[in-house]
Amino acid sequence: MITLGSNLENVKAIQGPQNQNPAKGVVPVTSTNDSKNIDILIGAQWGDEGKGKWVDILSEKSDLIVRYQGGNNAGHTIYVNGEKKVLHLLPSGVFRNKACMIGAGVVVNPVVLQEELKNACSSGFEAKNLWVSGRAHLITPWHIHLDQEFEGRRDKPIGTTKRGIGPTYSDRARRIGLRASFCKSPERMATWKKQMSMLEPKFSDFLETNSEEWKAFDKACTQIAKQVCDAEARLRKWAVAGKSILIEGAQGALLDVDHGSYPFVTSSNTIAGGACASLGISPRWIRDIYGIAKAYATRVGEGPFPTELNDASGKHLADVGHEKGATTGRPRRCGWLDLVALKYAVDVCGINKLIINKLDVLSGLDTLKICTSYKKSADNDASPWMEACEAEPNYHELSGWKKLSEKPNIATADDFSDETRSYLAYIEKFLDQKIDRIGFGVDRSSFV
Ligand code: IMP
């Protein structure tokens, strides 16, 4: 029988005025201050685990919600009062009008940001509550062009979202990137374009032939300039002042550029440890690490996916789970829950609060399978994701269920059917970890 933690209630609601800078000079900001009011929430699979809903739930008790990596390749879906909202760049806390931050490790498309900000403001968000780090790098029309062109030329495409993510991170590493702080200075922007024309042979032509796109880009840069600040310095002050902070990951641990199935990964560090580097905060400040996994598995784009299903069960998961990319609209590949991969994500990220999501999608399947090992492993010490593996799974079979529960309202995990509880208990036993929360529907209230 599973016992669920009650940490959600324990998340300390910090009292005091919100959405203001904390009093200056109250507490000196040093990494030796024991903050411990910062939680990280990440995807524990290949993205699309349903992070938006959980950030929305957890952010009720947070003062500040922070994105730390990725860009508008992400698509976070939230249902607010039955209305579907999709965010690509803004943290999912905007619908609670909390302070929201886009940190240094994020790549920002200003046109998308401006559009999302406008929409969020029409739903009650106040623009002054958005802090965009001046250190974040901007995705320009040039980077989007490069992403599209590169994908077309690869012999084995990665299946990127073609949003310019990889080329923007690549220019950051080459130290020719355009930082958000440049939005405040048309002169610096012009100097950057001049430099690019010298460094990249095709840049000048691209600039000329796509002048409309550049105009829209320049305009959006001017519009978001007001939000650009030293967001990391503010974040550290808020942390030391005891504010409650939630850091929101994008994509998932198995798409991490270093620890995922390279090269079929995104271009940032999606694992929990990436948050500290991207935001300039001490790892000592992190309290809990929430990892979200679906009760099954999905993957968008190319790359290894050992438990992928191309049969009626896979179709069931795709149809019932509405498994279509929120960003690109591409159908997601669907498969059984892979506990080998999930255990790896738990280990690499140090997940101590595991959330199993979309449990309802399994209802109606006669038999359920869970991957517990792979048939072929060249090196038993090596993690299965060391190389882009094409492993064949060994499965444990369990009975399915028609309905999650006979009760009209599910108030605790004890209300689930015997088969459902067996499925959850198997996950806990394999991972040697209690499941913290379980999601079984799209709206804010469907969880225990
Ligand atoms: P990129 O991040 O657009 O460069 O794409 C690299 C890989 O990550 C591709 O396989 C994408 O499908 C995948 N990817 C990027 N963002 C997401 C996401 O938010 N959810 C799921 N997969 C993603």
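**Exercise 1. Is Asp48 buried, partly exposed or exposed, and where is Asp48 found?**

Step 1: Get the accessibility. Asp48 comes out at 22% relative accessibility, so it counts as partly exposed. The cut-offs are under 20% relative accessible area for buried, over 50% for exposed and in between for partly exposed (1.4 Å probe, protein chains only).

Step 2: Asp48 sits in the loop between β1 (38–43) and α2 (51–58). Helices (H or I, at least four residues) and strands (E, at least two) are DSSP runs, numbered from the N terminus.

Step 3: Look at the backbone. Asp48 has a phi near 60°, a positive value in a residue other than glycine. Most residues other than glycine have a negative phi.

A word on the model: it is predicted, so local features need pLDDT of at least 70 and side-chain atom pairs count only at pLDDT 80 or more, while totals for chains, interfaces and linings use all residues. Residues are numbered from 1 along each chain as its sequence is written, and side-chain values use heavy atoms, with hydrogens and water left out.

**Exercise 2. Which peptide bond ending at Pro263 is cis or trans, and where does Pro263 lie?**

Step 1: Going from Tyr262 to Pro263, the peptide bond is cis, with omega near 5°.

Step 2: Pro263 lies in the loop between β10 (245–248) and α10 (273–279).

**Exercise 3. Work out how α12 meets α13.**

Step 1: The axes of α12 (residues 339–349) and α13 (residues 418–431) come within 10 Å and cross at roughly 55°. Axes are lines fitted to C-alpha atoms, for helices over the stretch in contact, and angles run from 0 to 180 degrees between N-to-C directions.

Step 2: The two helices are therefore oblique to each other. Under 35 degrees is roughly parallel, over 145 roughly antiparallel, 65 to 115 roughly perpendicular, and the rest oblique.

Step 3: List the contact (heavy atoms within 4.5 Å). From α12 come Leu339, Val340, Leu342 and Lys343; from α13 come Tyr426, Ile427, Phe430 and Leu431.
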